[in-house]
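Please examine the sequence and the structure shown here before reading on.

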Amino acid sequence: MLCPLFWFLAACAPHSKTVQVDPAFKTQYAAFLADGAAVGAPQSVDDLIIKFDDVNKYGCAEGRVGCCFTQSHETPVVVIDKAAWQGASSAYRSIIIYHELGHCVLNRQHDNATHAGGAFGIPIPASVMQANFSGYLPDLFTDFHEDYAKELFGKGIGPTPFGN
Ligand SMILES: [Zn+2]
């Protein structure tokens with residue numbers, strides 16, 4: 001790594017770490033950290049921005065409420081669409097932030113596995129890292145919160161109300 005010799009190149013320039021969480025997300029962010037600690041996977045976050053902005057500007061996938069935007073040598077950014085956030089339920093807000101922090105803090109990818117056990121036999125997401133959790137009932141995340149928290153932080157496999 002020759003970066004120290006060529007520190008003036010943008011790609012190698014060290015960036016100063018920062019944690020900036022818009023007050024709108026403080027509740028969900030604090031809950032995420034508290035859950036990590038509670039399940040035995042405490043996180044020390046020293047480089048993260050969570051903010052409202054134009055999600056298209058950050059290349060979020062079409063129709064997304066938000067996304068985690070990362071570039072090497074840059075602070076990871078969770079960007080959220082303000083109108084969508086304001087229209088979201090409390091449960092859905094938690095899903096949004098936990099999911100994006102799963103990407104931006106835990107470096108997790110999507111996991112679309114499902115388990116049996118939803119109402120009328122509908123499969124339920126095994127993980128909040130499900131790419132389309134919003135296609136399921138947001139209340140699942142509330143009903144099985146501890147199971148989802150354990151799964152997210154690598155301490156479980158998600159809710160298995162029917163034993164699988
Ligand atoms: Zn995602």
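Predicted model: local features only at pLDDT ≥ 70, side-chain atom pairs only at ≥ 80, totals over all residues.

Residues are numbered from 1 along each chain as its sequence is written.

The secondary structure of the chain amounts to 5 helices and 6 strands. Helices here are DSSP runs of H or I with at least four residues, strands are DSSP runs of E with at least two, and both are numbered from the N terminus. Read from the N terminus, the order of elements is β-α-β-β-β-α-α-β-β-α-α. Of the 164 residues of the chain, 32% count as buried. A residue is buried if 20 or more other C-beta atoms lie within 10 Å of its own, exposed if 12 or fewer, and partly exposed in between, with C-beta atoms placed from the backbone. Among contacts between residues at least 6 apart in sequence, 58% join residues at least 24 apart; two residues are in contact if their C-beta atoms, placed from the backbone, lie within 7 Å.

The sheet comes next. An open sheet is formed by 4 strands in the order β1-β2-β4-β3, with mixed pairing; two strands pair if DSSP finds at least two bridges between them. β1 (19–21) and β3 are the edge strands, each pairing on one side only. From one strand to the next, the twist averages 20°. β3 and β4 pair in the antiparallel sense over 4 bridges, and Phe 69 has Val 77 in β4 as its bridge partner. α3 packs on the sheet, where it touches β2, β3 and β4, and its direction makes about 20° with that of β3. Axes are lines fitted to C-alpha atoms, for helices over the stretch in contact, and angles run from 0 to 180 degrees between N-to-C directions. Both faces of β3 are covered: Gly 66 and Cys 68 are buried on one side, as are Cys 67 and Phe 69 on the other.

α3 has 15 residues and reaches 21 Å from its first C-alpha to its last, close to the 21 Å expected at 1.5 Å a residue; the expected span is 1.5 Å times one less than the number of residues. α3 is mostly covered, with 11 of its 15 residues buried, including Arg 93, Glu 100 and Cys 104.

How many residues does α1 have, and how far does α1 reach from its first C-alpha to its last? α1 has 13 residues and reaches 18 Å, close to the 18 Å expected at 1.5 Å a residue. Its buried residues are Gln 28, Tyr 29, Phe 32, Asp 35 and Gly 36. Seen down the axis of α1, these buried residues fall within an arc of 125°, so they line one face of the helix; the arc is that of the directions from the helix axis to the C-beta atoms. An α-helix has 3.6 residues a turn, so residues three or four places apart point the same way. On the other side of α1, Lys 26, Ala 30, Ala 34 and Ala 37 are exposed. The buried residues of α1 pack against β1, β2, α3 and α5. Just after α1, Gly 40 takes a positive phi of about 90°.

The largest nonpolar core has 33 residues, of which Val 78, Val 79, Ile 97, Tyr 98, Leu 101, Val 128 and Leu 152 touch the most other members. Such a core is a set of buried Ala, Val, Leu, Ile, Met, Phe, Trp, Tyr and Cys residues joined through C-beta atoms within 7 Å. The elements that give two or more residues to this core include α1 (26–38), β2 (48–52), α3 (90–104) and α5 (145–152). α3 supplies the largest share, 6 residues. Not counting residues up to four places away in sequence, Val 128 touches Ile 95, Tyr 98, His 99, Gly 102, Phe 133, Phe 141, Tyr 148 and Leu 152.

Val 105 lies in the loop between α3 and β5 (114–115) and counts as buried, with 21 C-beta neighbours inside 10 Å. Leaving aside residues up to four places away in sequence, Val 105 touches Gln 43, Val 45 and Leu 48. Asn 107 is found in the loop between α3 and β5 and has a positive phi of about 55° although it is not a glycine. Asn 107 is exposed, with 10 other C-beta atoms within 10 Å. His 73, in the loop between β3 and β4, has a phi near 65°, a positive value in a residue other than glycine. His 73 is exposed, with 11 other C-beta atoms within 10 Å.
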